[in-house]
Protein chains: 2
Amino acid sequence: MDAAEFRRRGREMVDYVADYLENIEERPVSSDVEPGYLRSLIPTEAPLEPDNYDDIIKDVERVIMPGITHWNSPYFYAYFPASNSYPAMLADMLCGGLGCIGFTWAASPACTELETVMLDWLGKMLKLPDHFIAGTHGRGGGVIQGTASEATLMALLAARCKTLRRIRAANSELSEGEIRSKLVAYTSEQAHSSVERASLIGDVTMRMVPTDSTYAVRGSMLKKMLEEDKAAGLIPFYFCATLGTTASCAFDNITELGPICNKEHVWMHIDAAYAGSAFICPEFRPLLNGIEFADSFNFNPHKWLLVNFDCSTMWVKKREDIIGAFNVDPLYLKHENQERFRSLKMWFVFRSYGIQGLQAYIRKQVALAKEFESLVRADKRFEICAEVVMGLVCFRLKGSNDLNQLLLKRITNSREIHLVPCQLSGVFVLRFAICARSTDSRHIQHAWRHITQLSCELLQENH
Amino acid sequence: MDAAEFRRRGREMVDYVADYLENIEERPVSSDVEPGYLRSLIPTEAPLEPDNYDDIIKDVERVIMPGITHWNSPYFYAYFPASNSYPAMLADMLCGGLGCIGFTWAASPACTELETVMLDWLGKMLKLPDHFIAGTHGRGGGVIQGTASEATLMALLAARCKTLRRIRAANSELSEGEIRSKLVAYTSEQAHSSVERASLIGDVTMRMVPTDSTYAVRGSMLKKMLEEDKAAGLIPFYFCATLGTTASCAFDNITELGPICNKEHVWMHIDAAYAGSAFICPEFRPLLNGIEFADSFNFNPHKWLLVNFDCSTMWVKKREDIIGAFNVDPLYLKHENQERFRSLKMWFVFRSYGIQGLQAYIRKQVALAKEFESLVRADKRFEICAEVVMGLVCFRLKGSNDLNQLLLKRITNSREIHLVPCQLSGVFVLRFAICARSTDSRHIQHAWRHITQLSCELLQENH
C-alpha cells in the first residue's frame, strides 16, 4: 500500500469509525459468540500473497464485530468507562504516523518533554501539591504508564528498594535476604486484584486491611495491623490506598492514613484509577485531601478523562526513589514500555475540550448516575448498596443472592444493556456504571424500564 | 468535536500523515533542540475553554516537529527499526474507534481470540515447534506483550515461581526465603540492559556469561558457570539467550545451550527482539534451530515486521507455567496491559503484505546492509567489527576510539544521517542499522559518501 492508497483507505476508515460510533446503538451491546468462534471464520495460516484490502475490511464486519462488546455503546454499563474521544483518536493517528520511540530524551526530545509538561498541566488541574509538579523546584514529577497496575507495581518496587537501603544502613548485621523476608505491604481488602499481584511479582507479603461499613480503610485499622506486625519483628514498608474502589467506588480515608504511613516510613501509594479524573472538579477535589502525605499517586485518564487507552498517569514525590530502584539512565523516570508518544492524546484532548469542557463531561456522567440512583430509590423492591459518589450505582433487588444472579443473567442474555456484578460483604450486587460518552438521560430511563420489566417477570414467576 | 467534524479532521490528519511520510527526506533526520526546549513554547496550564483545532494542528509543526527524531526517515540508521506501515496505521485507527478493552475473554471475545490466532499464524510463519501453537493439542501458545523487556520479566517470574515450587516439593525443610536467596539467573554479557533489570525487579541474582569472539554465548561457558554455582550450593533457574544482540546482532548458540538448560531444570527464554522477524525467511530460519529446547520465546514485530509499536510477541511452551505464576484468571494468559486490540495490526499487515511481501521486505533490508558492508570493506581506512548477518553493520575507522568518537560527533552534528555507537570488547564502534521502510540503495550510497567525506576531513586534520 502506497501513500496514495493510504489517503483513500484512511478516509474510508475515518468514515467507518464515525459511522460505527454514530450508529452504535443499533448493535447489540454485547456479544453472543461462544469461545473459539473466531478460529473457524478465518484461514489457519497467513496468506502467501497479499489479500485484497476490500476483503480485509469486509472481514471486520464478518469476523470481528460479532465478537465485540461495544464499550462505547450508551447501553454499556459494565466495569468502568474506557475513554474514547475524537481528539484523542486524531492524536493517535499522528502518533502512529510519526512512529517515533521515546525511550530516551535523545530518541525523540518532543516525546519526553511533552509528557512531562502534560503531566504538569494535569497535576495542576487536580491541584496536586507542588512537589509532584516537575516544572517547580520540587523533586517530583509525573510519567505516563500503561495501566494503574503498572503504577502500583512500580511504586511497590521503589518502596522495597528504598526500605532495603534504609534498614541495611541502620542494621549492617542484617542480610538483604533477612530484611526482605520481614517486609510487609498492605492494601484494602477492597483493592483491585492487581495490587495483590504486584506483591506476587515483588515477592513480598501483602496483608489485606479490613474496611468500615462504607468499604473504606480507616487509620485505626491500618495502625492496629502495623503495630501487630512490628511487634512480631516484621517491617511494614508499603500501603496502597484506593480512592474509588472497583467494586463500589469507596474512598480510603487518606487524611487519617497518610500521617500514619509517613511516621512509620511506609510508602503510601494512592490508586485512584477511575475516580481520579473527577478531582478536576472543585466539588470532588476534597476527596483527594491527604494527597500531601502520598509518596506516589496514579489515575487513569484512559478511564474517565476522554483520553483513549492507554494513558495512566503517575506522579512521584521524589524522582530519585524511582530512578534508584531501577538503576536506569536518570534521563528517564519511566519504564521500558513508556515509548509511544502518548502525551499527544492528552494535549489534543485538554485543548479541544478545555478544563471546563472536561468538568462538564464528568458532571454530566455523575448526574446520570444520580438520576439512576433516584429511580432505584423510588422503587421499594430495590435497594442501593453503597453511597453513590461518582458515576457508579451499586444496587440490587431486595432478596436473595440467587434472585439477583438470575436477574443479571436475564439482563445479560437480553443483550439490551450490559452490566457486571460485584460482591459486597458477601452480598451479590449489580454495578451500574455510566460509561459511554454518548449516554444520556433517555438511555438511563430505558435501562431502568428494562431492568424493572425483567424484575417484574422474575418476581411474578417466584410467587 | 462531533462525528461530522471528526470526518473532516480525520481526512486532514490522514493527509498530514501521508504528506509527512512522503516528504520526510526534506526534514533533518535528527533534532537540534536543547533539553527543556518545549516548556517555553506552550502555556504553563491547560486552557479553561477549548482551543481552536486549527491552532492545535499549527502547533504540531511549531512545537512538536522541532523536537522529533524522524525514525521513519531513510537517513535514520540508529538503534533498530521501529516498524511503520500503512495497513498497521489503518488497523490502529479501527482499534481506537472500537475502543474496547480485552482484559478478559468476555470483555471483548474478538480481542482475545484474534490475538491467539494471529500468534498461531506468526508462529507457523516462523515454523515454531507445535507445542508453541495454541490451535494444536499442545499446552502452549502466544500472547502480545508491549515490549521484549516485559516478556523477559514475565519469563523470569514464571521460572522463579516454578523453581520455588519444585525445590520446596523436594526439600520441605527449606523455607521459601532460603531457596530464593540461592536462585541464580544467567544471561549474556552482551544482553540488553532490560534483562538485568528483570532480575532487579524479581530480586534475584543474575550472572553475566562471557561470550566468544563472535559475541555469542556457547554451551561450554554456561555449563562451567552452572557447575561452579551448583558446587557453591546455589540454584540456577533461568537463562535468557539472545538471538540478535543490540550491540552487534550476535546469536547465542541455542543448540548447545538448550540441552544444558533442559537437563539442569533451567528455564531457557529466548529474546530475539530484532532478529526474530527475519526467521520468516527460510534462509534465516536455521538461526532459530534449538528453539525446541526453549520454555519461552519472544520477538518484536514492532521492530522489523511492519507492525507499528507496540507489538511484542511471546510464546510459552506450557501455558500453566505463566498462569500459575500470576495467580490470575486462567482465561487470560496475559498481563494487565495487554488490553488494546493490538492483534488487528498483525491481521491487517499479514494480509496486506502476504508472507511473500514480508519476506521481500526483510530481504531488501538485509541486502541494503550487505551493500553498505561492501562499501566499508572496499575502503582500507575502515574495518567491519562483527559479522553482518541481518540489517546491522558494525564498523569503524581503523584507529583510536577518540577518532571514531569524533567522527560520530560530526555525523550527528551534520544532521544528514543519524547513527548511534556501541562498545565491542572495549572498542568504540559505529552501528549502521537499516531502519526505514523507504530506505533504498541511493540512501545507502549517499550515507557512505557523507561518512567518507567527514572521515577524509577528519583524517586530513589529524595529519
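The model discussed here is predicted.

**Relation between the copies**

Chain B is superposed on chain A by a rotation of 180 degrees, with 0.0 Å of shift along the axis and an RMSD of 0.0 Å. The two copies are thus related as by a two-fold rotation axis. Within chain B, Arg11(B) has the C-alpha nearest this axis, at 2.7 Å from it. Both copies use the same surface, since 100% of the contact residues of chain B recur in chain A.

**Helix packing**

Two packed helices are described by the angle between their axes and the distance between the axes.

| Helix pair | Angle between axes | Distance between axes |
|---|---|---|
| α1 (residues 3-22) of chain B and α2 (residues 53-64) of chain B | about 15 degrees | 13 Å |
| α2 (residues 53-64) of chain A and α12 (residues 343-377) of chain B | roughly 145 degrees | within 10 Å |
| α13 (residues 401-414) of chain A and α14 (residues 441-462) of chain A | about 130 degrees | 10 Å |

In chain B, helices α1(B) and α2(B) pack at an angle of about 15 degrees. That angle makes α1(B) roughly parallel to α2(B). The crossing of α1(B) past α2(B) is right-handed. From α1(B), the residues Glu5(B), Arg9(B), Glu12(B), Met13(B) and Tyr16(B) meet Tyr53(B), Asp54(B), Ile57(B), Val60(B) and Glu61(B) of α2(B). The residues of this contact comprise five nonpolar, no polar and five charged.

The pair formed by α2(A) and α12(B) joins elements of the two chains, and their axes cross at roughly 145 degrees. This crossing, too, is right-handed. On the α2(A) side, the contact involves Tyr53(A), Asp55(A), Ile56(A), Ile57(A), Asp59(A), Val60(A), Val63(A) and Ile64(A), which meet Leu344(B), Trp347(B), Phe348(B), Arg351(B) and Ser352(B) of α12(B). Nine of the residues in this contact are nonpolar, one is polar and three are charged.

In chain A, α13(A) and α14(A) pack at about 130 degrees and are therefore oblique to each other. Their crossing is right-handed. Helix α13(A) contributes Leu403(A), Leu406(A), Leu407(A), Arg410(A), Ile411(A) and Ser414(A), while the residues from α14(A) include His450(A), Ile451(A), Leu454(A), Ser455(A) and Glu457(A). The contact of α13(A) with α14(A) divides into eight nonpolar, four polar and three charged residues.

**An annotated lysine**

An unreviewed UniProt entry lists Lys303(A) under "modified residue: N6-(pyridoxal phosphate)lysine". Lys303(A) is placed in helix α10 (residues 301-304) of chain A. Apart from neighbours within four places in sequence, Lys303(A) is in contact with Phe80(A), Pro81(A), Ala82(A), Ser83(A), Ala273(A) and Tyr274(A).

**Local backbone geometry**

A cis peptide bond runs from Phe309(A) to Asp310(A), with omega near -5 degrees. Asp310(A) belongs to the loop between α10 and β7 (312-316) of chain A. In chain B, the peptide bond from Phe309(B) to Asp310(B) is likewise cis, with omega near -5 degrees, and Asp310(B) lies in the loop between α10 (301-304) and β7 (312-316).

Asp203(B) is not a glycine, yet has a positive phi of about 55 degrees. Asp203(B) is found in the loop between α7 (193-202) and β3 (205-209) of chain B.

Methods. Residues are numbered from 1 along each chain as its sequence is written. Chains are lettered from A and ligands numbered from 1 in the order in which they are written. This is a predicted model: local features need pLDDT of at least 70, side-chain atom pairs count only at pLDDT 80 or more; totals for chains, interfaces and linings use all residues. Side-chain values use heavy atoms; hydrogens and water are left out. Axes are lines fitted to C-alpha atoms, for helices over the stretch in contact, and angles run from 0 to 180 degrees between N-to-C directions. Helices (H or I, at least four residues) and strands (E, at least two) are DSSP runs, numbered from the N terminus. Angles under 35 degrees count as roughly parallel, over 145 as roughly antiparallel, 65 to 115 as roughly perpendicular and the rest as oblique. A crossing is left-handed if the near helix is turned anticlockwise from the far one by less than a right angle, and right-handed if clockwise. Contact means heavy atoms within 4.5 Å. Ala, Val, Leu, Ile, Met, Phe, Trp, Tyr, Cys and Pro count as nonpolar, Asp, Glu, Lys and Arg as charged, and the others, Gly among them, as polar. UniProt positions are given in the numbering used here, feature names are shortened, and annotations may be inferred rather than shown by experiment. Copies are superposed by least squares on the C-alpha atoms of residues with pLDDT of at least 70 in both.
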